[in-house]
Amino acid sequence: MGLPYSSRTLLSYGKVREVAQACDQVKADAVVFVATLTERQQRTLTDMFGRPAVSLADILSVD
């Protein structure tokens, strides 16, 4: 792995770009992470991806 991951995003900058490009290509509505995201990580990733970034735990805990 090139650059270390960022605690702000759980990913390296290059991986964030890759995920954003993949989301654009498939017109994804959201990005779901298996890892639990903090509120700051969710906000940062949502801004970077241009679509909601959520953790699987958030989806499973919805009543």
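Leu 10 sits in the segment before helix H1 (13–26); helices here are DSSP runs of H or I with at least four residues, strands are runs of E with at least two, and both are numbered from the N terminus. Phi of Leu 10 is near 65°, a positive value in a residue other than glycine. Most residues other than glycine have a negative phi. Lys 27 also has a positive phi, about 55°, although it is not a glycine. Its place is the loop between H1 and strand E1 (31–33).

A word on the model itself: it is predicted, with local features needing pLDDT of at least 70 and side-chain atom pairs counting only at pLDDT 80 or more, while totals for chains, interfaces and linings use all residues. Residues are numbered from 1 along each chain as its sequence is written, and side-chain values use heavy atoms, leaving out hydrogens and water.

**The chain as a whole**

You can trace 3 helices and 2 strands in the chain, and from the N terminus on they run α-β-α-β-α. The radius of gyration is 12 Å, close to the 11 Å that the globule rule gives for 63 residues, so the chain is as compact as a globular protein of that length. That radius is taken over C-alpha atoms, and the rule is 2.2 Å times the number of residues to the power 0.38. Along the principal axes, the C-alpha atoms fill a box of roughly 40 × 25 × 20 Å.

Of the 63 residues, 25% count as buried. Buried means under 20% relative accessible area, exposed means over 50%, and partly exposed lies in between (1.4 Å probe, protein chains only).

**Where the nonpolar residues gather**

The largest nonpolar core has 10 residues: Leu 11, Val 16, Ala 20, Cys 23, Val 31, Phe 33, Leu 37, Leu 45, Phe 49 and Ala 53. Such a core is a set of buried Ala, Val, Leu, Ile, Met, Phe, Trp, Tyr and Cys residues joined through side-chain atoms within 4.5 Å. H1, E1 and helix H2 (39–49) each supply at least two residues of this core, and the largest share, 3 residues, comes from H1.

Leaving aside neighbours within four places in sequence, Ala 53 is in contact (heavy atoms within 4.5 Å) with Val 31, Phe 33, Leu 37, Gln 42, Leu 45 and Thr 46.

| Residue | Relative accessibility | Class |
|---|---|---|
| Leu 10 | 29% | partly exposed |
| Lys 27 | 66% | exposed |
| Met 48 | 34% | partly exposed |
| Ala 30 | 36% | partly exposed |

Met 48 belongs to helix H2. Not counting residues up to four places away in sequence, Met 48 touches Thr 9, Val 16 and Ala 20. Val 26 is 22 residues from Met 48 along the chain, and their C-alpha atoms are separated by 17 Å.

Ala 30 lies in the loop between H1 and E1. With residues up to four places away in sequence again left out, Ala 30 touches Arg 51 and Pro 52. The C-alpha atoms of Ala 30 and Arg 43, which are 13 residues apart along the chain, are separated by 13 Å.
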